[in-house]
Amino acid sequence: MPSLGLQRLSSKRPRKTSSPSPATPDGTTDHLTPLPDEMVEEILRRLPLDDAVRTSFLAKPWRFRWTNCPGLELSAQDPPAAVDFFLTRYACDVSRAHLEVPQESLGKIDGWIRALAAKGIRCLAVCFIPEGALRLPLLPASLFSCGELTTLMLKHCDIPALPPGFDGFPGLLELKLEYVNFGEDGERTFEALIAKSPSLTCLSILFPSISSDDDDDEENYNYREWKIRAPNLKIFKMSAWEDYGWSVDDLPLIEEACVQLEGPELSRILPGLANVWNLSVEIADDDTILRRLPYFINLKCLSLYTFLTNSSTVLSMLCILSNAPILEDLRITLLHENEETMEVNMDELVLNTLGTVEWLFSRLKHFCLDQSIGHRNEMQFIELLMSKAIVLQQIEISVRDDSSKSLEAVFYELSQYKKASSSQAEVIVNRFVDCYMDQIEDDEEP
């Protein structure tokens, strides 16, 4: 009969020991094979596409693991050969892709877009790289088969007419068009592309063009009027060198807008932005006088890029300001390309053209004037503002190096103006620094 001690000894369970990582043929420890699937996929998603593909050579379990890893994306840095290989082998959907298309890859772009459409692409950027070509490359019509898009950016391309039966981009939230051209009957294509994207909340149109059979006689060509219709739009950015006959339908949900246009088109665009609360606009055309404008009932932040050297641009600026009863933050950046300078009597201009506007600057708290040269028109405007801004908290003036007045002279003159605000507003006068030029100099340093 076994003893009690032997019975206790035999009842003990053997201790578990962790199994070592498998060894590779050269005798080193393999730390890659036993990694959890979730960790492997996260590693693959964080790698550049080329490196993710090369992981097939790390260990046998990693071979073509990337082809079934959800969430891989195409970036602008991926070379064309890598894009080809990826779209051929990758088995999952692709949610995001940024395609940079050089001249030698123009024959591939149609196949790339078809493959992405089949993989449910949602966020797509297609940027053609111009290399001195006389005409922009034509965007393939296969783009319009990407029915699940939520974000679309197109750059440096010719946009074809919408194909028959095109149902639009029902889920598109953001559309960005940069340096694109719309061909014959382009106004209708432009209008329909936006109208067939009813969910748009963000629209950016930067320096487009519309070609026609009358391109040789552009001065006598009359573009047909058309409307930008986007009832859910919240953010709107628009810059152009020419007037293409566009106007903006009422945008009831608009929050932010940036508009850089010339000529009569500005007076057609601004009325649709009546509900905006943050507006940036350039008034650089002497012939643009914005007399008929809606009340910007929600406008609190306004940035203006303009001249204060002639009565027409000053009047346009005052028309916007007089129609912004709850404006709190005003920034004016002065343009100085206009060599002709005439003195403007601000008080007289306000009285003769606007009459008595009780709420002019009545809610203004912050005012900034950039690129001042100390001209009399500038100082008159500041004096007018300070005499009416009853709740003004801060005024900041940045003075250019070629100003006719020193910083001390500007500060002293401001201190002599009558102030409407009950509390003493802080006055800041400093030297204007061109941040853009500083950035260029920094980039050029080795």
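Predicted model: local features only at pLDDT ≥ 70, side-chain atom pairs only at ≥ 80, totals over all residues.
**Ground rules**

I number residues from 1 along each chain as its sequence is written.

Helices (H or I, at least four residues) and strands (E, at least two) are DSSP runs, numbered from the N terminus.

**Entry 1: helix 4 and helix 5**

I looked up helix 4 (residues 80-89) against helix 5 (residues 109-118). Their axes come within 11 Å and cross at roughly 35°. Axes here are lines fitted to C-alpha atoms, for helices over the stretch in contact, with angles from 0 to 180 degrees between N-to-C directions. I noted the crossing of helix 4 and helix 5 as left-handed. That term applies if the near helix is turned anticlockwise from the far one by less than a right angle; clockwise is right-handed.

Which residues in helix 4 and helix 5 meet? Helix 4 brings Pro-80, Val-83, Asp-84 and Leu-87, and helix 5 brings Trp-112, Ala-115 and Leu-116. Contact means heavy atoms within 4.5 Å. I sorted the residues of this contact into 6 nonpolar, no polar and 1 charged. Nonpolar covers Ala, Val, Leu, Ile, Met, Phe, Trp, Tyr, Cys and Pro; charged covers Asp, Glu, Lys and Arg; the others, Gly among them, are polar.

**Entry 2: helix 10 and helix 11**

Next I took helix 10 (residues 376-388) and helix 11 (residues 407-416). Their axes come within 10 Å and cross at roughly 35°. This crossing is right-handed. Met-379, Ile-382 and Met-386 in helix 10 touch Val-410, Glu-413 and Leu-414 in helix 11. The contact residues are 5 nonpolar, no polar and 1 charged.

**Entry 3: strands**

I counted strands as paired if DSSP finds at least two bridges between them. Strand 2 and strand 3 are parallel, with 5 bridges. Ala-125 has Met-153 in strand 3 as its bridge partner. Strand 3 also runs parallel to strand 5, again with 5 bridges. There, Leu-152 is bridged to Leu-175 of strand 5.

I then found an open sheet of 3 strands, order 4-6-8, with parallel pairing. Strand 4 (158-159) and strand 8 (209-210) are at the edges with a single partner strand each, so one side of each has no neighbour in the sheet. Strand 6 (residues 181-182) is joined to strand 8 by 2 bridges. Phe-182 has Ile-210 in strand 8 as its bridge partner.

**Entry 4: pocket and cavity**

On a 1 Å grid over the protein atoms alone, a cavity is a set of points where a 1.4 Å probe fits but cannot get out; a pocket is an open set with protein on both sides within 12 Å along at least five of seven lines; lining residues have an atom within 4 Å of a point. Grid points join across faces, edges and corners, and a volume is the space filled by probe spheres set on the points.

The largest pocket holds about 360 Å³. It has 22 lining residues, with Glu-73, Leu-74, Arg-96, Ala-97 and His-98 nearest its centre. Elements giving two or more residues to this lining include helix 2 (37-46) and strand 1 (96-101). I sorted the pocket lining into 12 nonpolar, 4 polar and 6 charged.

How many cavities of 30 Å³ or more are there? The count is 1. The largest cavity is lined by Ser-75, Asp-78, Val-83, His-98, Leu-99, Glu-100 and Trp-112. Strand 1 gives the most to this lining, with 3 residues.

Methods. Heavy atoms only, no water.
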